[in-house]
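Subject: Handover of a structure, with findings

Dear colleague,

Please find the structure below, passed to you for your files. A description of what was found in it comes after.

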Amino acid sequence: MLTKKQLDLLEFIHKRVQRDGVPPSFDEMKAALDLRSKSGIHRLITALEERGFIRRLAHRARAIEIVRLPESLGGEPTAGFTPRVVEGGKSPAGRAMPAGRAEGRAGDVPLMGRIAAGVPIDAISHVENHVAVPSQMLSASGEHYALEVRGDSMIDAGINDGDVVVIRETAAANDGDIVVALIEDQEATLKRFYRRNGSIALEAANPAYETRVLPEHKVKVQGKLVGLIRTY
């Protein structure tokens, strides 16, 4: 579900692409939505991308592609990444949750401790528990694991403190992917991944946090985000 601002921005981008063949600039988006700074547009763009409505293309000016539109704008669901929020099963702490979500489960994946969405914390080291994950979150190939999120640096990507993220193990990542990054073999953090002139940028989805830029050899990708489990 999109907020009104997210929906307004998506509609504005869609209409401009239809009219001009290219998306509007960030300044034009800011003016259209009556925002005071471009940081608000960056947050909205990140939220739309995370929900699978747009795609940002690297190394191109105004590189925003409409992937799909919500039904309110006359669109049909199409392929595109969006975190799956599950409100059923059992939390890592063992709290019971509403029934009726058991269908489609593929079994347990290991819960490997906590991951910082903020200042990096200790690296992933051991299995603490297991968590039930729906089959829709798991790809046919590759191993998966889960991590409990601590911190608020990814809140504009829809990832809150206390959420459990489902990660597919991989050492490769594309620009814009949300990854588990291991820094200097000591600290693990959940951030957006970008390559910048031989360095790696780990970008938060919260303007209160600065992007960390590190030498490429100091960052190892441990996996990519494929799902999200939230309990209440």
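The paragraphs below go from the whole chain to strands, cores and individual side chains.

The model is predicted, so local features need pLDDT of at least 70 and side-chain atom pairs count only at pLDDT 80 or more, while totals for chains, interfaces and linings use all residues. Residues are numbered from 1 along each chain as its sequence is written, and side-chain values use heavy atoms, with hydrogens and water left out.

**The chain as a whole**

Of its 232 residues, 44% are buried. Here buried means under 20% relative accessible area, exposed means over 50%, and partly exposed lies in between (1.4 Å probe, protein chains only). The accessible surface of the protein chain is about 12,300 Å², and carbon and sulfur atoms account for 47% of that surface. Such areas come from the Shrake-Rupley method with a 1.4 Å probe, and for residues only the protein chains shown count as cover. Among contacts between residues at least 6 apart in sequence, 58% join residues at least 24 apart; a contact means heavy atoms within 4.5 Å.

**Strand 11 and its partners**

Strand 11 covers residues 199-203, and four of its five residues are buried, so the strand is largely enclosed by the rest of the structure. On one side, strand 10 (residues 187-196) runs antiparallel to strand 11 and is joined to it by five bridges. Two strands are taken to pair if DSSP finds at least two bridges between them. Within this pairing, Y194 has A201 as its bridge partner. The two strands form a hairpin with two residues between them, and N197 in the turn has a positive phi of about 50°. Strand 11 also pairs with strand 12 (residues 212-215), again in the antiparallel sense, over four bridges. In that pairing S199 stands opposite P215.

**K191 in strand 10**

Strand 10 also contains K191. With a relative accessible area of 6%, K191 is buried. Its side chain makes a polar contact of 3.1 Å with the side chain of S153 and another of 3.0 Å with that of T189. A polar contact is a pair of N or O atoms within 3.5 Å; within protein, one must be able to donate a hydrogen and the other to accept it, and residues adjacent in sequence count only if both atoms are side-chain atoms. K191 and A201 are ten residues apart along the chain, and their C-alpha atoms are separated by 9.1 Å.

**Nonpolar cores**

The largest nonpolar core has 17 residues, of which I115, I159, V165, I167 and L190 touch the most other members. At least two residues of this core come from each of strand 7 (144-150), strand 8 (164-168), strand 9 (178-183), strand 10 and strand 13 (219-229). A nonpolar core is a set of buried Ala, Val, Leu, Ile, Met, Phe, Trp, Tyr and Cys residues joined through side-chain atoms within 4.5 Å. Apart from neighbours within four places in sequence, the contacts of I167 include Y145, L147, V180, L190 and L225. A second, separate core has 15 residues, among them L10, I41, L44 and L69.

**Salt bridges**

Side chains of opposite charge can pair when their charged atoms come close. A salt bridge is counted where a side-chain nitrogen of Lys or Arg lies within 4 Å of a carboxyl oxygen of Asp or Glu, and the count comes to ten. One of them joins D8 and K4, at 2.8 Å from N to O. These two are four residues apart in helix 1 (residues 4-20), and therefore separated by about one helical turn. D8 is partly exposed at 26% relative accessibility, whereas K4 is exposed at 63%. Helix 1 also holds K15 and E11, four residues apart, whose side chains form a salt bridge at 3.2 Å, N to O.

A further salt bridge joins E65 and R55, with their closest N and O atoms 2.8 Å apart. This pair links distant parts of the chain, since E65 is in strand 2 (residues 64-66) and R55 in strand 1 (residues 54-56), ten residues apart. E65 is partly exposed at 32%, and R55 is partly exposed at 37%.

Yours sincerely
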